[in-house]
Amino acid sequence: MGPKKDPEESIYGPTETVFTTPDVNLGVPQESRFIRALSNAEMIISVALFAGIFFGVMHQVIGRYFPALSWVGSGELALLSMIAMTFMMMGYLTGRNGHIVIEVFDGVLRGKKLFVVLRVIAAVIMVVTSIALVYDASVKIGLEWTRVSAAMGIPLGILYIFAFIGGLSTGIHSIWKIPHANRPERQLEISEMEG
């Protein structure tokens, strides 16, 4: 008998190519501690909000099969958590290019100086949009605080707090991108979402 083999060991050698282990964020500037802390806080809050979505939806499903356990607020909890999570993830996704982007000119201009100009203009537009969102959310927080949700009685101004935080975070992440426009941008890695 020959030597025992590890059951997970392959008969083929390791395959580490650009297709199996891509260097997605090679050459990307190191984030500051503040940006990393902000991203971590956004992710932690968003995970809690996702748990609210999951609980609300699962409680609705259970309530359909067991009417005695149904709760009117479960759908509202899922909806409000989804809205809040959308705002909370804005900055995180902007900082990692995980947001929706229309890349019409990127392929044509990549590698040219105009590409850096395009990235600066895009970041400035994001900053201006974020300022408008922060201003609008700050106005709405006070106006909507007296209105409450139908089932749970939560002041709707709370949603605008999440919009305020998300807009502020998006602006911060966009401002951070401007001086680094000539460097590769950080790309969202799925492994970051998995933990």
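This is a predicted model: local features need pLDDT of at least 70, side-chain atom pairs count only at pLDDT 80 or more; totals for chains, interfaces and linings use all residues.
Local features are taken only where pLDDT is at least 70, side-chain atom pairs count only at pLDDT 80 or more, and totals for chains, interfaces and linings use all residues. Residues are numbered from 1 along each chain as its sequence is written, and side-chain values use heavy atoms, with hydrogens and water left out.

Let's start with charge. Side chains of opposite charge can pair when their charged atoms come close. The structure holds 3 salt bridges, each defined as a side-chain nitrogen of Lys or Arg within 4 Å of a carboxyl oxygen of Asp or Glu. One of them joins Glu 31 and Arg 96, with 3.3 Å from N to O. This pair ties together distant parts of the chain, 65 residues apart: Glu 31 sits in the segment before helix H1 (33-65), while Arg 96 is in the loop between helix H2 (73-95) and helix H3 (106-109). Helices here are DSSP runs (H or I, at least four residues), numbered from the N terminus. Both Glu 31 and Arg 96 are buried, where buried means under 20% relative accessible area, exposed means over 50%, and partly exposed falls in between (1.4 Å probe, protein chains only).

Ser 39 is buried, at a relative accessible area of 1%. Setting aside neighbours within four places in sequence, Ser 39 is in contact (heavy atoms within 4.5 Å) with Tyr 92, Arg 96 and His 173.

Now for helix H4. Lys 140 and Glu 144 form a salt bridge at 3.6 Å, N to O; they are 4 residues apart in helix H4 (residues 113-144), so about one helical turn separates them. Glu 144 also pairs with Arg 147, the closest N and O atoms being 2.8 Å apart. That makes Lys 140, Glu 144 and Arg 147 a linked network of salt bridges. How buried or exposed are the members? Glu 144 is buried at 9% relative accessible area, Lys 140 is partly exposed at 24%, and Arg 147 is partly exposed at 48%.

Helix H4 also passes a simple geometry check. Among the buried residues of H4 are Phe 115, Arg 119, Val 127 and Glu 144. The buried residues of H4 pack against H3 and helix H5 (157-177).

Over to helix H2, where you'll find Leu 77. The C-alpha atoms of Leu 77 and Ile 53 are separated by 6.8 Å, though the two residues are 24 apart along the chain. Not counting residues up to four places away in sequence, Leu 77 touches Gly 52, Phe 55, Gly 56, Trp 71 and Met 152.

Finally, the surface. Phe 50, Phe 54, Val 57, Met 58, Val 61, Ile 62, Tyr 65, Phe 66 and Leu 69 form a nonpolar patch with about 900 Å² of accessible area together. Such patches take residues with over 30% relative accessible area and no salt bridge, joining nonpolar side chains (Val, Leu, Ile, Met, Phe, Trp, Tyr) within 5 Å and like charges within 9 Å; areas come from the Shrake-Rupley method with a 1.4 Å probe. Val 61, in helix H1, is partly exposed at 33%.

Notes: Helices (H or I, at least four residues) and strands (E, at least two) are DSSP runs, numbered from the N terminus.
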